[in-house]
Amino acid sequence: KIQTNAIPDDNSFYEPGADRLLFGRGGVDDAEDVEVIWHEYGHAVQDAQVPGFGRSLRAGSIGEGFGDYLAVTMSQGNSPDTVKTPLACVMDWDATSYTDTTPHCLRRTDGDKVFPDDLAGEVHDDGEIWSRALWDINLALGREHANTAIIEAQFSFTPTIGFPAAAQLTVDTTQ
């Protein structure tokens, strides 16, 4: 199920119990940015693969990183990579309502955060560590092979998986 204009805030989320994507209308309506839709759909994918996925801070961070990565890789198939709208920039249309710089990015998948040095204890911030790792796989293997390996690996995740175990499962699946 999908519910647009579900809340007045500039926020969107996946509701596992109802298997529903809810999109806020604050700022730019979130349902107008396809990368917001793909990001939230990423949570639904992981919950379908591993019911209850994201029950720890680290697994929640992996979920946010995967959502960002999915948004970017889905755009990769039909969007140019430009200075104004780089592929690694997540949810740039939505971010226009609260950023003054160009490019307008909610987050990026090509940042320089690494595990464990840059852990901040917040799922979106820590998710940038995971999305960077997935983006590196994408650049090394190509979109199709990377996405196949990444999504296949997630079937072996647990609801509370951490970064090292998720990384090892992803490498093992890729090999």
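Is the crossing in which α2 passes α4 right-handed or left-handed?

Analyst: The crossing of α2 past α4 is right-handed, meaning that the near helix is turned clockwise from the far one by less than a right angle. This is a predicted model, in which local features need pLDDT of at least 70 and side-chain atom pairs pLDDT 80 or more, while totals for chains, interfaces and linings use all residues. Residues are numbered from 1 along each chain, and side-chain values use heavy atoms, without hydrogens and water.

Helix α2 covers residues 57–76 and helix α4 residues 123–141 (DSSP runs, H or I, of at least four residues). Their axes, lines fitted to C-alpha atoms over the stretch in contact, lie 7 Å apart at an angle of about 50°. The contact of α2 with α4 involves nine nonpolar, nine polar and four charged residues; Asp, Glu, Lys and Arg count as charged, and Gly is among the polar ones.

Both helices also take part in the largest pocket: β2 (12–15; a strand has at least two E residues), α1 (34–49), α2 and α4 each give two or more residues to its lining. The largest contribution to this lining, six residues, comes from α1. The pocket (an open set of 1 Å grid points where a 1.4 Å probe fits, with protein on both sides within 12 Å along at least five of seven lines) holds about 470 Å³ of space. Of its 27 lining residues (an atom within 4 Å of a point), Ser12, His39, Glu40, His43 and Glu64 are the closest to the centre. The lining comprises ten nonpolar, ten polar and seven charged residues.

How values were computed:
Axes are lines fitted to C-alpha atoms, for helices over the stretch in contact, and angles run from 0 to 180 degrees between N-to-C directions. Grid points are joined across faces, edges and corners, and a volume is the space filled by probe spheres set on the points.
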